[in-house]
Amino acid sequence: MLAQLQPLHKHLLNDYQQDFPLSPTPYRDIAEQLGVSEDEVLHAFEELSAQRMISRIGPVIAPNSIGNSALVAMAVPEHDLARVAELVSAYPEVNHNYERENRFNLWFVAVADDEPQLNAVIAEIETRSGYPAMTLPMLADYFINLGFEMNLHD
């Protein structure tokens, strides 16, 4: 799959994980930096999304600096993990989820405007998935750089 990516896709995946332009016209800015049209950039991002190579474009904001957030863990049977992960990912309040090798094998971060909304989203996920969620309080704040050099450039 990676070998089939066009050069524009590779640039977008590697070069804009961080330092995404903070302007009223970020896609136009990227297009100008890469020497392509804004429509080409938008189309390439749509293709990457359709191929599930990216799930979202958006900021990463320090926990609880705007609204409320929580780290949530769920114990989901292996046979149902894909369904529940897809359900969780469909919530706009969830910015990512991932599998871990543990009894609590599905983890995600949820963010909402306030604590009641956050609790309502987590409760709805529990109801719709059929599995309880464990909300974990943040005791210490750690920054982990989630940018990955993918060595995609030819």
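Helix H5 lies across strands E1, E2, E3 and E4, running at about 20 degrees to E1. The model described here is predicted. The protein has five helices and four strands, and along the sequence these follow the pattern α-α-α-β-α-β-β-α-β. Of its 154 residues, 31% are buried. Among contacts between residues at least 6 apart in sequence, 65% join residues at least 24 apart.

**The sheet**

- The four strands form an open sheet in the order E2-E3-E1-E4, with antiparallel pairing.
- E2 and E4 are the edge strands, since each pairs on one side only.
- From one strand to the next, the twist averages 25 degrees.
- E1 and E3 run antiparallel and are joined by seven bridges.
- Leu-71 stands opposite Val-109 of E3.
- In a regular strand, side chains alternate between the two faces of the sheet.

- Strand E2 covers residues 94-99 and strand E3 covers residues 106-112.
- Five bridges pair E2 with E3 in the antiparallel sense.
- Six residues lie between E2 and E3 in this hairpin.
- Glu-99 has Leu-106 as its bridge partner in E3.

**Helix H5: length and sides**

- Helix H5 takes in 15 residues, 115-129.
- The buried residues in H5 are Leu-118, Val-121, Ile-122, Ile-125 and Ser-129.
- An α-helix has 3.6 residues a turn, so residues three or four places apart point the same way.
- Pro-116 and Thr-127, on the other side of H5, are exposed.

**What H5 packs against**

- The buried residues of H5 pack against strands E1 (68-74), E2, E3 and E4 (133-136).
- Helix H4 (81-89) is also packed against by the buried residues of H5.

**The ends of H5**

- At the start of H5, a side-chain oxygen of Asp-114 comes to within 2.9 Å of the backbone nitrogen of Gln-117.
- Just after H5, Gly-130 takes a positive phi of about 85 degrees.

**Gln-117**

- Gln-117 lies in helix H5.
- The relative accessible area of Gln-117 is 27%, which means that this residue is partly exposed; the buried class requires a value under 20% and the exposed class a value over 50%.
- Leaving aside residues up to four places away in sequence, Gln-117 touches Glu-93 and Ala-112.
- Gln-117 and Asn-68 are 49 residues apart in sequence, with their C-alpha atoms 8.8 Å apart in space.

**Arg-52**

- Arg-52 lies in the loop between helix H3 (38-50) and E1.
- Although Arg-52 is not a glycine, its phi is positive, at about 60 degrees.
- Arg-52 has a relative accessible area of 69% and is therefore exposed.

Methods
Residues are numbered from 1 along each chain as its sequence is written. This is a predicted model: local features need pLDDT of at least 70, side-chain atom pairs count only at pLDDT 80 or more; totals for chains, interfaces and linings use all residues. Side-chain values use heavy atoms; hydrogens and water are left out. Two strands pair if DSSP finds at least two bridges between them. Helices (H or I, at least four residues) and strands (E, at least two) are DSSP runs, numbered from the N terminus. The expected span of a helix is 1.5 Å times one less than its number of residues. Buried means under 20% relative accessible area, exposed over 50%, partly exposed in between (1.4 Å probe, protein chains only). Contact means heavy atoms within 4.5 Å. A polar contact is a pair of N or O atoms within 3.5 Å; within protein, one must be able to donate a hydrogen and the other to accept it, and residues adjacent in sequence count only if both atoms are side-chain atoms. Axes are lines fitted to C-alpha atoms, for helices over the stretch in contact, and angles run from 0 to 180 degrees between N-to-C directions.
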